Amino acid sequence: MNHVLETLFFALIPILITIGLGYYSAVKGTFDEQDSHKLALARLVLNYMLPLNVFAGIWGTSRKIMIQDVGLALWLAVAMVVCFLLMILVYRYALKNDAPVVILRAMSIADPSVPFVGSAVLPLIFGANDSAITIGICTLTINVIMLPIAFSAFGDNGDTVSARLKNTFKKPLVIAALLGFILVLCGSQMPTQFDSIFTLLGKGAGGLAIFTTGIVLKTHQITFNKTICSTILLKNLAFPLVVSGCMALFNSPTTLTRLVVVALAIPTATMPSTLAIRFNVHEAELASTQFWSTALSFITLTAFVLALS
């Protein structure tokens with residue numbers, strides 16, 4: 001128990017400090033709202049640093065382990081997609097929200113920040129290989145399924161679904177994840193000598209991504225209301241709890257349950273607030289949801305890790 005608490009402490013405290021540094025840099029004027037809208041640091045992470053890290057982690061996994069992780073892929077992908085679609089129905093038809101707001105709120109619940117926060121937390125708890133596979137699966141689920149639905153709701157540039165999917169498969173993070181999976185399933189495994197080549201930039205991905213989150217939080221007004229509260233409760237508690245119950249009903253292995261539930265208990269991703277900024281839809285609400293979800297995850301994520309340890 002003490003070892004688990006110590007591991008979690010050293011995984012979460014750096015996140016809090018790094019967010020604080022990003023927030024402080026925005027207060028001091030080193031980065032401003034224009035930088036937040038451009039999201040230059042986020043692009044550096046998503047286009048270069050994280051793809052290298054994910055590619056190395058997946059390619060460094062043996063095919064035997066990859067095949068054993070089919071259950072992990074199914075549980076993560078199905079849980080995220082079902083939650084996303086279910087919340088769309090609830091927000092759209094039960095609560096009568098507008099389509100863009102529906103998408104952003106549904107994504108805030110179904111989309112954990114696995115590529116950002118997860119890249120800092122998961123390796124310390126589960127190791128590099130399982131973490132890279134988890135990040136890769138969540139990345140593909142978000143980019144191949146969720147984002148095309150989101151952009152169709154926003155009607156961005158009138159692009160068709162096929163055009164959106166084509167653009168999705170051009171993203172470095174998606175390419176890195178797919179290429180890593182293909183190489184491993186073909187029997188290839190990364191030589192250990194290549195590890196430093198691909199992880200030199202990748203090791204800083206999590207830290208820079210979280211630093212950027214601090215900047216975004218400072219440049220947008222943080223609020224709190226019933227809507228934000230309900231979104232956070234659904235994201236941080238209800239979603240992982242329901243998945244945990246479903247996995248218990250199917251008698252899933254403890255190790256698999258622990259990895260899936262902890263991954264889904266990670267606070268909400270930056271994508272909803274990024275889309276809110278891009279399309280000028282409830283920016284303060286989505287930024288605030290991200291802030292409070294991240295802040296409260298120090299309690300909720302710790303609770304899930306301890307309960308499943």
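1. A search of the whole structure, which is a predicted model, finds 1 salt bridge. The partners are arginine 105 and glutamate 285, whose side chains meet at 2.8 Å, N to O. Arginine 105 belongs to helix H6 (residues 99–110) and glutamate 285 to helix H16, so the pair ties together parts that are 180 residues apart in sequence.

2. On confidence, the mean pLDDT of the chain is 80, and 82% of its residues reach 70 or more. Among the elements of the chain, the lowest mean pLDDT, 55, belongs to helix H2 (residues 33–38). The highest, 96, belongs to helix H13 (residues 226–249).

3. On overall make-up, the secondary structure comes to 16 helices and 0 strands. The chain has 309 residues, and buried residues make up 50% of them. Of the contacts between residues at least 6 apart in sequence, 85% join residues at least 24 apart.

4. Next, a helix pair. Two packed helices are described by the angle between their axes and the distance between the axes. The axes of helix H14 (residues 254–264) and helix H16 (residues 283–308) come within 10 Å and cross at roughly 175°. That angle makes H14 roughly antiparallel to H16, because angles over 145 degrees count as roughly antiparallel.

5. Which residues of H14 and H16 meet? From H14 they are Thr257, Arg258, Val261 and Val262; from H16 they are Leu301, Phe304, Val305 and Leu308. The residues of this contact of H14 with H16 divide into 6 nonpolar, 1 polar and 1 charged.

6. Methionine 247 is found in helix H13 and is buried, with a relative accessible area of 0%. Not counting residues up to four places away in sequence, methionine 247 touches Trp75, Ser252, Leu256, Thr257, Val260 and Val261. Thr257 and Val261 are also among the H14 residues that meet H16. Tryptophan 75 lies 172 residues from methionine 247 along the chain, and the C-alpha atoms of the two are separated by 8.5 Å.

7. Aspartate 130 has its place in helix H8 (residues 128–154). At 23% relative accessibility, aspartate 130 counts as partly exposed. Its contacts, leaving aside neighbours within four places in sequence, are Asp69 and Leu259.

8. Two backbone angles should be noted. Most residues other than glycine have a negative phi. Lysine 96, which is not a glycine, has a positive phi of about 60°. Lysine 96 is found in the loop between helix H5 (70–94) and H6, and is exposed, with a relative accessible area of 63%.

9. Where is the other residue, asparagine 251? The place of asparagine 251 is in the loop between H13 and H14. Its phi is near 55°, a positive value in a residue other than glycine. At 67% relative accessibility, asparagine 251 counts as exposed.

Note on methods: Residues are numbered from 1 along each chain as its sequence is written. Side-chain values use heavy atoms; hydrogens and water are left out. pLDDT is the predictor's confidence in each residue, from 0 to 100. Helices (H or I, at least four residues) and strands (E, at least two) are DSSP runs, numbered from the N terminus. Axes are lines fitted to C-alpha atoms, for helices over the stretch in contact, and angles run from 0 to 180 degrees between N-to-C directions. Angles under 35 degrees count as roughly parallel, over 145 as roughly antiparallel, 65 to 115 as roughly perpendicular and the rest as oblique. Contact means heavy atoms within 4.5 Å. Ala, Val, Leu, Ile, Met, Phe, Trp, Tyr, Cys and Pro count as nonpolar, Asp, Glu, Lys and Arg as charged, and the others, Gly among them, as polar. A salt bridge is a side-chain nitrogen of Lys or Arg within 4 Å of a carboxyl oxygen of Asp or Glu. Buried means under 20% relative accessible area, exposed over 50%, partly exposed in between (1.4 Å probe, protein chains only).
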